[in-house]
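I opened this model to take notes on its fold. My entries follow in the order I looked things up.

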Amino acid sequence: MNNPVLLENLRCIPDFPKKGINFRDITTLYKNPECMKIMVDEMYELYKEKGITKIVGIESRGFVMAAALATKLGAGVVLARKPGKLPATVIKESFSKEYGVDTVEMHIDSIDENDVVLIHDDLLATGGTAKATLKLVNHFHPKKVYMNFIIEITDEGLHGRDCLEKDVEVTTLMVI
């Protein structure tokens, strides 16, 4: 899709959070009302006929679009969070990122077998976070799972999509 307005408003920060990482900062997209509208409208068009019942937003930038799109689709929002942030009983999955190891957790009552789930995050880079979240969602055996990202990074030799299950439909609004 690579909407030119989104590309023009995306901020890139070299050497963050550590040297050698070119961080794609989507907060510049969130603060711009035109960009927010474009992102919500594009995601809505992708998923309006998929029967989505729950959107899993991945901590923390994934929460923004998960909530905005869920409102438009009439779906619920589930939070995939870092350890210790959720108050009830959780399941967890650890994973490697391009700059360390992390864990993602979800409440054990987040999803059921009748749900059609969309997992959303701001970007797909190495795929570690997305793969761990997909494993958590699959634990619940929902009817169907989709994945969406605002940005898929491929220009730095990253191929996060390759580590995801082949039967899961993955969409992105921008590929860089």
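**Entry: isoleucine 150**

I started with the contacts of isoleucine 150, leaving out residues up to four places away in sequence. Isoleucine 150 touches Ile26, Leu29, Tyr30, Met39 and Met65, among others. Its list also includes His120, Asp121 and Asp122. Thr172, Leu173 and Met174 are on the list as well. I note for the record that this is a predicted model.

**Entry: the cores**

Next I looked up the largest nonpolar core, and it holds 32 residues. Which of them touch the most other members? I found Leu29, Met39, Ile52, Ile55, Met65, Ile150 and Ile151. α3 gives the most, with seven residues. I also found a second, separate core of 24 residues. Ile58, Val78, Val104 and Leu164 are among its members.

**Entry: the sheet**

I traced the strand order next. Five strands form an open sheet in the order β4-β3-β7-β8-β9, and the pairing is parallel. Which strands sit at the edges? They are β4 (76-80) and β9 (169-175), and each pairs on one side only. From one strand to the next, the twist averages 20 degrees. I then checked what α4 does here. Helix α4 (residues 61-73) packs on the sheet and touches β3 (54-58), β4, β7 (116-124) and β8. The direction of α4 makes about 165 degrees with that of β3.

**Entry: strand pairs**

I went through the pairs one at a time. β3 and β7 pair in the parallel sense over four bridges. Lysine 54 stands opposite valine 117 in β7. For β7 and β8 I read eight bridges, again with parallel pairing. Leucine 123 stands opposite isoleucine 151 in β8. Strand β8 (residues 144-152) also pairs with β9 in the parallel sense, over six bridges. There, glutamate 152 stands opposite valine 175 in β9. I looked at burial in β7 too. β7 is mostly covered, and nine of its nine residues are buried.

**Entry: α3 against α4**

I turned to the helix pair. The axes of α3 and α4 come within 10 Å and cross at roughly 55 degrees. I therefore log α3 as oblique to α4. The crossing is right-handed. Which residues meet between α3 and α4? From α3 I list Met36, Met39, Val40, Asp41, Met43, Tyr44 and Tyr47. In α4 they meet Val64, Met65, Ala68, Leu69, Lys72 and Leu73.

**Entry: glycine 160**

My last stop was a loop. Glycine 160 lies between β8 and β9. Is glycine 160 buried or exposed? Its relative accessibility is 2%, so glycine 160 counts as buried; the cut-off for buried is under 20%. I looked up its contacts, again not counting residues up to four places away in sequence. Glycine 160 touches Leu124, Ala125, Thr126 and Gly127. I also took one distance. Glycine 160 and proline 83 are 77 residues apart along the chain, and their C-alpha atoms are separated by 23 Å.

Notes:
Residues are numbered from 1 along each chain as its sequence is written. This is a predicted model: local features need pLDDT of at least 70, side-chain atom pairs count only at pLDDT 80 or more; totals for chains, interfaces and linings use all residues. Side-chain values use heavy atoms; hydrogens and water are left out. Two strands pair if DSSP finds at least two bridges between them. Helices (H or I, at least four residues) and strands (E, at least two) are DSSP runs, numbered from the N terminus. Axes are lines fitted to C-alpha atoms, for helices over the stretch in contact, and angles run from 0 to 180 degrees between N-to-C directions. Contact means heavy atoms within 4.5 Å. A nonpolar core is a set of buried Ala, Val, Leu, Ile, Met, Phe, Trp, Tyr and Cys residues joined through side-chain atoms within 4.5 Å. Buried means under 20% relative accessible area, exposed over 50%, partly exposed in between (1.4 Å probe, protein chains only). Angles under 35 degrees count as roughly parallel, over 145 as roughly antiparallel, 65 to 115 as roughly perpendicular and the rest as oblique. A crossing is left-handed if the near helix is turned anticlockwise from the far one by less than a right angle, and right-handed if clockwise.
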